Amino acid sequence: MDQTRLQKVFRDIFDEPALVLRRDMTAADVDAWDSLSHIALLAAVEKEFGVRFNLADVKGLKNVGDLMDVLEKKGA
Amino acid sequence: MPQVFLDAVYARMPTQRKKVEAFYREHPQALAELERFLQVYRPYMDATGLTDLSLAECYCNMAEETLASRLYFLREGHYPAKDQASALALVYNDPVTMKGYMLGLALSQFLWKAHYSMYNLFREAVAEVPAGARILEVGSGHGLFLYQALKLAGPGAGVDVVDISDTSLEMTQGVLKTALPEALGRVRFTKADFTVYQPAELYDFIIMGEVLEHVDDPLGMLRSMRRLLKPGGRGYISTCVNCPAIDHVYEFTETREIKILVDKAGLKTLREVEVPSEDRPPAVLKALKIDVSYASILEGA
């Protein structure tokens with residue numbers, strides 16, 4: 001999983017060009033990361049990595065590390 | 001305070017904290033109502049082995065299922081469930097899934113601005129029902145609307161419940177048995193398809209909350225509502241637009257489509273609320289296909 005590509009998606013969606021991803025980063029750390037932008041984020045990640053998230057993937061997705069792990073599992 | 005429940009939700013779904021806290025800043029009384037809801041449902045929770053933590057799990061499961069359904073909807077352009085029969089098999093006939101999902105939905109009345117607004121319109125409608133009224137609820141699920149109807153309509157009201165799901169009927173009876181046991185004798189439960197339901201008497205008030213989006217033929221449901229209302233009787237409906245969920249079948253893309261069906265069914269709208277799930281300008285709501293909750297009080301045209 002290419003963290004630089006994931007970071008670019010986060011920077012674009014949240015309009016924060018200097019955002020640096022950390023595994024423990026959550027919505028609490030990013031002002032614009034709310035319930036609506038969370039959907040936009042996941043849709044953009046699906047597009048960037050050519051994956052489809054199902055229910056099992058989004059279950060318990062509480063921080064960036066969880067998202068990275070899901071992408072790893074999907075071979076992205 | 002329902003802090004154990006809320007902390008568990010926020011820990012598992014950090015984006016929910018922002019949404020729910022913003023809602024409580026705007027409607028602080030809703031937090032007190034959540035606490036009251038937990039008190040009312042506590043005996044049912046105790047009887048069925050549920051704790052505040054497992055309730056948080058039910059809510060988060062429902063919210064995550066809705067999130068996964070929304071991603072599917074944005075990707076594929078339609079809801080995941082293809083028809084009523086598949087939704088019935090997936091959710092309503094599976095006791096574990098159904099109970100957790102219904103409890104999550106009941107909780108959302110006190111956690112989501114859109115559902116809270118619809119719930120308030122419902123309470124307004126029930127408060128106006130005449131004493132001794134005959135009331136029908138179609139699709140009773142979590143039992144919260146039935147509980148409120150029995151509380152607000154007073155001891156003279158007789159209430160019927162009709163539902164196509166055994167699991168739903170069992171859950172409602174379980175909630176009522178523990179939350180308002182003295183009212184159990186005033187409620188008749190019937191397993192039936194509402195479109196062909198033939199009661200002995202007509203009704204003063206028919207409740208059909210969050211049903212229309214779950215069926216293949218919402219017009220048939222509205223026509224049955226019209227058919228079973230007494231002259232001057234009222235109905236309450238709530239539904240939603242662009243609202244994918246595991247068991248949502250009928251896709252309304254604009255609230256105008258709901259009103260067209262209401263009109264075709266021979267009903268007229270007395271009052272309505274229309275609340276998007278996110279506070280954003282209309283153009284953004286449309287572009288992102290944000291779900292909009294809709295509820296109205298109806299009577300025969």
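A residue counts as buried here if 20 or more other C-beta atoms lie within 10 Å of its own, exposed if 12 or fewer, and partly exposed in between, with C-beta atoms placed from the backbone.

A quick word on ground rules. This is a predicted model, where local features need pLDDT of at least 70, side-chain atom pairs count only at pLDDT 80 or more, and totals for chains, interfaces and linings use all residues. Residues are numbered from 1 along each chain as its sequence is written, while chains are lettered from A and ligands numbered from 1 in the order in which they are written.

**Chain B as a whole**

Chain B has 12 helices and seven strands; these are DSSP runs numbered from the N terminus, helices being H or I with at least four residues and strands E with at least two. Its radius of gyration is 18 Å, close to the 19 Å that the globule rule gives for 301 residues, so chain B is as compact as a globular protein of that length. (That radius is taken over C-alpha atoms, and the rule is 2.2 Å times the number of residues to the power 0.38.) Along the principal axes, the C-alpha atoms of chain B fill a box of roughly 50 × 45 × 35 Å.

Chain B splits into domain 1 (3-108) and domain 2 (113-300), with bounds that come from an automatic or database domain assignment. Their centres, taken over C-alpha atoms, are 19 Å apart. Where they touch, 36 residues come from domain 1 of chain B and 26 residues from domain 2 of chain B; being in contact means that two C-beta atoms, placed from the backbone, lie within 7 Å. On the domain 1 side, α6(B) gives the largest share, eight residues.

The largest nonpolar core has 111 residues, and those with the most contacts inside it include B:I135, B:A149 and B:M225. Such a core is a set of buried Ala, Val, Leu, Ile, Met, Phe, Trp, Tyr and Cys residues joined through C-beta atoms within 7 Å. Helix α4 (residues 52-76) of chain B supplies the largest share of this core, 10 residues. Both domain 1 (3-108) and domain 2 (113-300) of chain B give residues to this core, so it lies between them. As for B:M225, it touches B:I206, B:M208, B:G235, B:A265 and B:L267, leaving aside residues up to four places away in sequence.

**Strands**

Two strands pair if DSSP finds at least two bridges between them.

| Strands of chain B | Sense | Bridges |
|---|---|---|
| β4 (residues 203-209) and β5 | parallel | six bridges |
| β5 and β7 (residues 292-300) | antiparallel | eight bridges |
| β2 (residues 158-163) and β3 (residues 187-191) | parallel | five bridges |

Strand β5 (residues 229-241) of chain B has 10 of its 13 residues buried, so it is largely enclosed by the rest of the structure. The chain reaches β5(B) from β4(B) by way of helix α10 (residues 218-228) of chain B, in a right-handed β-α-β crossover. Right-handed means that, with the strands pointing away from the viewer, the path from the first strand over the helix to the second runs clockwise. On β5(B), B:S238 is the bridge partner of B:G209, and B:R234 stands opposite B:E299 in β7(B).

**Meeting chain A**

Finally, 16 residues of chain B are in contact with 19 residues of chain A. The largest share of the chain B side, eight residues, comes from α4(B).
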